[in-house]
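Reader: Please take me through the disulfides of this protein. I would like a close look at them, and then at what surrounds them.

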Amino acid sequence: MAKAFFRLQKFLRRTQFLLFFLTAAYLMAGSLLLLQRTRLVIQQGSRGTSANQALPVPEGMAGVGIADPRTLQNPRPSPRLLVGMDAMQEPALDQRHGPRWLVSRNSELRQLRRRWFHRFISDQEPMQTAGFKAMKHTAEHQGTYVGCFSDDSRERTLKGAVFYDLRKMTVSHCQEACAERAYTYAGLAYGAECYCGNTLPATTSKPEECNSECKGEKGSVCGGVNRLSVYRVEELRAGARRRRNVIYRGCFRAPENLTDTFPASLIQPNLTVEMCSEFCSKKEFPLAVIRGRECYCGFPTGRFSLHDGADGQLCSGTHNASSAAQGKYCLVYQTPVQDTRCTDRKFLTTKSKVFVALSSFPGAGNTWARHLIEHATGYYTGSYYFDGALYNKGFKGEKDHWRSRRTICVKTHESGKTEIEMFDSAILLIRNPFKSLMAEFNRKYAGHLGYATDRNWKSKEWPDFVNSYASWWASHVLDWLRYGKHLLVVHYEDLKQNLIPKLREMVEFLNMTVTEDRLLCVENNRDGNFKRSGAKQKDFEPFTQEMKDLINRYILTVDEALRARNFTGLPREYVPR
């Protein structure tokens, strides 16, 4: 009897536990579905009045759930929110109904659950792409979003100007850069590349194919892989016109046949510099040439190299339809448009057989020399180091392994027998040590584009810096002269003064051939994006007499070593006499 009672008691306990578990599971499942459905409705209603609203709904349409995806303020809608947008379009839904009404709609809850599960599991990737599509295109940008287009690097339509910023690129930054250069369209690709032009790409793409998030602006789309997010920026042009920089290049003798030399022309009574510059900018030419009432647009070429300037008085009155000097001279202006004949760059298709170094002391202009070499040859330069700031500005060879041999040459500041003998040959770039030391000190305290503050120069770091780095300047050159296998010595000052002859010499040393027009394009874009800006102190002399005496001794030592190796000595301008 006791045994039977024990079995009954055990059975009731199991049944009680089972009933409790089933009841709890039922309540939990119902609660989850209820919370999910109420959350969708609450998001529609309550967020509409919050400071961080995700779905602004026009007055009179609250509860309906119809909204233009481009008005979304939330940069990355979740899959649930996107499903809710579709589900809430059903006419039967209304925010006035409470939870009791929602529970009674069992069939609708099952439908919602199936719909959510199907979209979240089966279409998860398309939903994420749709989330990008719903990101901001126009909310915070003055330009008008045109659409997503295919981008062919070999036949690029938006090629008027090219900018890279692999860390801080935003839609606004690209639009403003294009507007300042008088372009109509701005296109973004790969989340970090900006292209400008006045003609739309020919091939449109599906909106969801532009799915790369901007590197400097979460929630905004900056194109995709071989895809451009294109904006029309003419709304910015009125404000940007004040900042456009039309540079007077000088007075030059006009070529014999202007129509053959320049691809575009305009004849306009009362022609002004602004009229000609605007016309040439729209045609995407970097030069505006004025002779009387004639306006010509084009590039620097062998026929018109801009190397032999004339007396400005010979062009006096030229732009006022005067027949000054019988029309033999013309005024030349640089438009805001970038010369793009030399902006295409790539990695070597086959590994280089010769391992070439671009060696210099820090602050000697290595980055500028790399800019010139890349644009002259069309190939990226590598680096012994990884400088994120340079990589983010388009020096893509920074991220490539320095021994990959996929770059035309490799930047290095190293010295010493082992480090030098790794290279088969080298371009040795030498700069005035006074200028090099100041440039490196500026970089150390203010980056590649800034200037150190007066406080930095007056601190104890500056004397210590000079004492240690001045000897490095000398030992760097002496080591490369001693251990370098095959050297081309280039002086920064000579390169700056005679750009094309010296650059041609460097390109030939790299065993490359380049056209005259491409070299003229490099000269037209000689500064690149790494010219220092900001408050530069005039007539600033940070060197004490003791520092000067120390550096001058090093200069004499290096000059003597160069001549001993049958190289040209240091430029006379900074060798002590």
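Author: What follows starts with the whole chain, turns to the disulfides, and ends with the sheet and the cores.

This is a predicted model, in which local features need pLDDT of at least 70 and side-chain atom pairs count only at pLDDT 80 or more, while totals for chains, interfaces and linings use all residues. Residues are numbered from 1 along each chain as its sequence is written, and side-chain values use heavy atoms, with hydrogens and water left out.

First, the whole. The protein has 19 helices and 18 strands. Helices (H or I, at least four residues) and strands (E, at least two) are DSSP runs, numbered from the N terminus. Of the 577 residues, 46% are buried. Buried means under 20% relative accessible area, exposed means over 50%, and partly exposed lies in between (1.4 Å probe, protein chains only). The protein exposes about 30500 Å², and carbon and sulfur atoms supply 51% of that area. The areas come from the Shrake-Rupley method with a 1.4 Å probe; for residues, only the protein chains shown count as cover. Among contacts with a separation of 6 or more, 74% join residues 24 or more positions apart. A contact means heavy atoms within 4.5 Å.

Now the disulfides. The count comes to eight, a disulfide being a pair of cysteine sulfur atoms within 2.5 Å. Three of them follow here.

Cys276 is joined to Cys295, S to S 2.0 Å. The link is right-handed, with 80 degrees about the S-S bond. Cys276 lies in helix 9 and Cys295 in strand 11 (residues 294-298), so the pair ties together parts 19 residues apart in sequence. Cys276 is buried, at 0% relative accessible area. Cys295 is buried too, at 0%.

Cys280 is joined to Cys297, again with S to S 2.0 Å. This link is left-handed, with -80 degrees about the S-S bond. Cys280 is in helix 9 and Cys297 in strand 11, 17 residues apart. Both Cys280 and Cys297 are buried.

The relative accessible area of Cys280 is 0%. Leaving aside neighbours within four places in sequence, Cys280 is in contact with Phe285, Leu287, Ala288, Cys295, Tyr296, Cys297 and Thr335. Cys280 and Ala182 are 98 residues apart in sequence, yet 9.8 Å apart in space, C-alpha to C-alpha.

Cys342 and Cys521 form another disulfide, with sulfur atoms 2.2 Å apart. It is left-handed, with -70 degrees about the S-S bond. Cys342 lies in the loop between strand 13 and strand 14 and Cys521 in helix 18, so the pair ties together parts 179 residues apart in sequence. Cys342 is buried, at 0%. Cys521 is buried, also at 0%. By contrast, Cys330 is in no disulfide; the nearest cysteine sulfur, that of Cys315, is 6.3 Å away. Cys330 is buried, at 0%.

Six strands form an open sheet in the order 9-11-10-13-8-12, with antiparallel pairing. Two strands pair if DSSP finds at least two bridges between them. Strand 9 (264-267) and strand 12 (309-310) are the edges, and each pairs on one side only. Strand 10 (residues 287-291) and strand 13 (residues 329-334) pair in the antiparallel sense over four bridges. Leu287 stands opposite Gln334 in strand 13.

Helix 17 (residues 499-509) has the buried residues Leu499, Ile500, Leu503, Met506, Val507 and Phe509. They pack against strand 14 (356-360), helix 10 (366-377), strand 17 (425-430), strand 18 (487-491), helix 16 (492-497) and helix 18 (516-524). Asn511 follows helix 17, and its phi is positive, near 60 degrees.

Last, the cores. A nonpolar core is a set of buried Ala, Val, Leu, Ile, Met, Phe, Trp, Tyr and Cys residues joined through side-chain atoms within 4.5 Å. The largest has 40 residues, and Ile430, Leu437, Trp462, Phe543 and Leu570 touch the most other members. Strand 17, helix 13 (433-446), helix 15 (461-483), strand 18 and helix 19 (545-564) each supply at least two residues of this core. Helix 15 gives the most, with 11 residues. Apart from this core lies another, of 29 residues, among them Leu358, Tyr379, Leu429 and Val490.
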